[in-house]
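I opened this notebook to record what I looked up in one structure. The entries follow the order in which I consulted it.

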Amino acid sequence: MAYLNYEEFKELTEDTVQITDSEFKKLLPKATALLDNITSHFYQKIDISKDNEWRVRQFKLGLCAQIEYFHDLGATTFETINNSPQTFQAGRTSVSNASRYNPSGANESKPLIAEDVYIYLEGTGLLFSGVSVW
């Protein structure tokens with residue numbers, strides 16, 4: 001069962017994001033898998049339809065944020081998100097992207113999960129990382 005349908009997505013994003021139904025269906029499974037991962041598969045164990053309405057809404061808003069992030073980047077994998085060439089040339093024009101290394105030499109990369117997801121999930125208890133007893 002999907003946590004979110006296209007109509008809910010449009011409603012939650014207030015129709016400000018121009019994502020088609022087919023794009024939504026393509027991005028939803030990966031976004032769902034990521035949110036399941038960071039929430040320790042909470043809604044795989046708990047029926048989402050019987051949970052607190054506020055927490056469910058925050059979870060769905062986080063899912064919308066992740067779908068928007070994938071749409072904006074045009075990629076859904078860590079490798080694809082971070083696989084951009086340093087430079088490329090077209091005729092006499094050369095374009096250089098910023099270095100993927102910060103001054104200390106550490107590799108900089110874009111995260112797979114949108115930072116906005118954490119804005120929505122913080123305070124819901126869904127990010128609890130302690131040991132639970134099921």
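**Entry 1: Salt bridges**

I began with charged pairs and found that the side chains of Arg55 and Asp51 meet in a salt bridge, with N to O at 2.8 Å. I take a salt bridge to be a side-chain nitrogen of Lys or Arg within 4 Å of a carboxyl oxygen of Asp or Glu. Asp51 counts as buried because its relative accessibility is 14%. For these terms I use relative accessible area: buried is under 20%, exposed is over 50%, and partly exposed lies in between (1.4 Å probe, protein chains only).

I noted that the model is predicted, that local features need pLDDT of at least 70 and side-chain atom pairs pLDDT 80 or more, while totals for chains, interfaces and linings use all residues. Residues are numbered from 1 along each chain as its sequence is written, and side-chain values use heavy atoms, with hydrogens and water left out.

I then looked up the number of salt bridges, and the structure holds 3. One of them joins the side chains of Lys60 and Glu8, at 2.6 Å from N to O. This pair links distant parts of the chain, since Lys60 lies in helix H4 and Glu8 in helix H1, 52 residues apart. Lys60 is buried at a relative accessible area of 14%, whereas Glu8, at 25%, is partly exposed.

I also examined Lys25, which forms a salt bridge with Asp21, the closest N and O atoms being 3.4 Å apart. Both residues are in helix H2 and 4 residues apart, so about one helical turn separates them. Lys25 is exposed at 56% relative accessibility, and Asp21 is partly exposed at 30%.

**Entry 2: The chain as a whole**

I recorded 6 helices and 2 strands for the chain. These are DSSP runs numbered from the N terminus: helices are H or I with at least four residues, and strands are E with at least two. Along the sequence the pattern reads α-α-α-α-α-β-β-α. The chain has 134 residues, of which 33% are buried.

I next consulted the contacts, meaning heavy atoms within 4.5 Å. Of those between residues at least 6 apart in sequence, 68% join residues at least 24 apart. The accessible surface is about 8,900 Å², and carbon and sulfur atoms account for 51% of that surface. Such areas come from the Shrake-Rupley method with a 1.4 Å probe.

**Entry 3: The nonpolar core**

Which residues have the most contacts inside the largest nonpolar core? I found Leu4, Phe9 and Ile67, in a core of 31 residues. Two or more residues each come from helix H1 (6–12), helix H2 (21–38), helix H3 (42–45), helix H4 (53–73) and helix H6 (115–121). H4 gives the largest share, 9 residues. A nonpolar core here is a set of buried Ala, Val, Leu, Ile, Met, Phe, Trp, Tyr and Cys residues joined through side-chain atoms within 4.5 Å. In soluble globular proteins, nonpolar side chains tend to be buried together.

Beyond residues up to four places away in sequence, Phe9 touches Leu4, Val17, Ile19, Phe24, Cys64, Ile67 and Glu68.

**Entry 4: Thr13**

Is Thr13 buried or exposed? Thr13 counts as buried because its relative accessibility is 8%. Its side chain reaches the backbone oxygen of Phe9 at 2.8 Å.

Definitions and conventions. Polar contact = N/O pair within 3.5 Å; in protein donor to acceptor, adjacent residues only side chain to side chain.
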